[in-house]
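Let's take a friendly walk through a protein model, part by part. Keep the picture open beside the text as you read.

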Amino acid sequence: MTLEPMSLFWLALTLLAYLGSRWLYRRTGRYLLSPLILVPVVLLAVAVPLHTGYAEYARNTHWLMSVLGPVTVAFAVPIWQQRALLARHWPALSLGMLVGSAASIGSSWALAHALSLDNQVSLSLLPRSITTPFAMPLAHDLGGVPELTAVFVMFTGVLGALMGGVLLKYLPLRTPLARGALFGVGAHGAGVSRAHEVGGEEGSVAGLVMVLTGIFNLFMAPLLRHLL
Amino acid sequence: MTAVSFKKFSRLLAELGVLLVLYLLGCQLSAWLHWPIPGGVVGMALLLLVFATGRVKPATLQTGATLLMAEMLLFFIPALMSLLDYGPLLRSEGWRILLVIGASTLLVMLATAFTVEWACRWRLRHDA
């Protein structure tokens, strides 16, 4: 075995960039400095000039992704805490999740074909509106590339959190339920933090809906595979 | 490290440990029963069952669960770096991909928000 200082370098840089960006974002509140945007930019800015490939970057950092499993388990806590909300509003929320998921998968597929995107890219686009711990296994199930899906999920979060804020200004949405669901189904984690800024109830709804939409999509995988 | 922060830290580690064990249990169960469901989702279902028995309160795992969910971004950053291998793809299809993501996200948000809003108003009219 040889010692590989460069691969430990990538782990250290990832952690440093993450902690630094989180600190900057909390201090300034500027969206461009949020870890979702700044960390990939910093890492790419170092890796591209060095001609680093993904395999080399991932050698000592891929284990971070295995923490997404326990994160999924942790989702049980908000679900349980919001069970009263769910019991009261499950018909509206389920309907919203169903329509939203169908819109997401249907429009991604149709647009990807209309713009004649590569088949693997199209498949990897399908789970992009659900949260990463669910989107990656779903992409794998559908025959897409889970890593590519994670990239598309990130872009969805960045764009969705911005668009959702603008939409709220112009849409005649009177219920916090609709405002929360917009963010939870449309922009997963990034949307949930944005929804918390709009209001407490919006945030709770968005968080609950984000997790439930992920589970729902995952259970729809066999049907989707059949349709594709 | 003071005694209090040491206690808090070991508490956090224990909570994370419980979540990890549930995840590994979920993976085992899903493999044994040949379920197509990821271990994390089975683990989550197990934890919900535990909460439903009333023996464990969600507050018991609050610190660990909140930490994992709050720092979730860190855990998928490595996947984002797969971009390093997709330079040519992005150059040829990047704008079209962004167009799909933007247009589709807009559609999802409109469809979801109006469906939920409509369902809520319908219920208000019929419950009253």
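How many Å apart do the C-alpha centres of domain 1 of chain B and domain 2 of chain B lie? They lie 30 Å apart. Keep in mind that you are looking at a predicted model, and let's build up the picture from here.

## The domains

In chain B, domain 1 covers residues 1–83 and domain 2 covers residues 86–128. Chain A is also divided into domain 1 (5–66) and domain 2 (74–227). For chain A, the C-alpha centres of the two domains lie 25 Å apart.

What passes between domain 1 and domain 2 of chain A? In this contact, 7 residues of domain 1 of chain A meet 9 residues of domain 2 of chain A. The area buried between these domains is about 520 Å², and carbon and sulfur atoms give 77% of it. On the side of domain 1 of chain A that touches domain 2 of chain A, helix α2 (residues 35–47) of chain A supplies the largest share, with 3 residues. That side divides into 7 nonpolar residues, no polar and no charged. The count of salt bridges between the two domains of chain A is 0, while 1 residue pair is in polar contact (both at pLDDT 80 or more).

## Where the chains meet

Now turn to the contact between chain A and chain B. It takes 95 residues from chain A and 66 residues from chain B. About 7000 Å² is buried between the two chains, with carbon and sulfur atoms giving 82% of that area. Which three residues supply more than any other three of the area that chain A buries against chain B? They are Tyr18(A), Val73(A) and Trp80(A), which supply 10% of that area.

Polar links are found here as well: 15 residue pairs are in polar contact between chain A and chain B (both at pLDDT 80 or more).

In a salt bridge, the side chains of Arg22(A) and Glu71(B) meet at 2.6 Å, N to O. Over all chains, the structure holds 6 salt bridges. Why does the Arg22(A) and Glu71(B) pair join two chains? Arg22(A) lies in helix α1 (residues 5–28) of chain A and Glu71(B) in the loop between α3 (62–70) and α4 of chain B, so the pair links one chain to the other.

## How confident is the prediction?

Chain A averages a pLDDT of 91, and 97% of the residues score at least 70. Chain B averages a pLDDT of 91, with 98% of the residues scoring at least 70.

| Chain | Lowest mean pLDDT | Highest mean pLDDT |
|---|---|---|
| Chain A | helix α13 (residues 221–227) of chain A, pLDDT 86 | α7(A), pLDDT 94 |
| Chain B | helix α4 (residues 72–80) of chain B, pLDDT 90 | helix α2 (residues 39–53) of chain B, pLDDT 94 |

Definitions and conventions
Residues are numbered from 1 along each chain as its sequence is written. Chains are lettered from A and ligands numbered from 1 in the order in which they are written. Side-chain values use heavy atoms; hydrogens and water are left out. Contact means heavy atoms within 4.5 Å. Buried area is the accessible area (1.4 Å probe) that two parts lose on being put together, summed over both. A salt bridge is a side-chain nitrogen of Lys or Arg within 4 Å of a carboxyl oxygen of Asp or Glu. A polar contact is a pair of N or O atoms within 3.5 Å; within protein, one must be able to donate a hydrogen and the other to accept it, and residues adjacent in sequence count only if both atoms are side-chain atoms. pLDDT is the predictor's confidence in each residue, from 0 to 100. Helices (H or I, at least four residues) and strands (E, at least two) are DSSP runs, numbered from the N terminus. Domain bounds come from an automatic or database domain assignment. Ala, Val, Leu, Ile, Met, Phe, Trp, Tyr, Cys and Pro count as nonpolar, Asp, Glu, Lys and Arg as charged, and the others, Gly among them, as polar.
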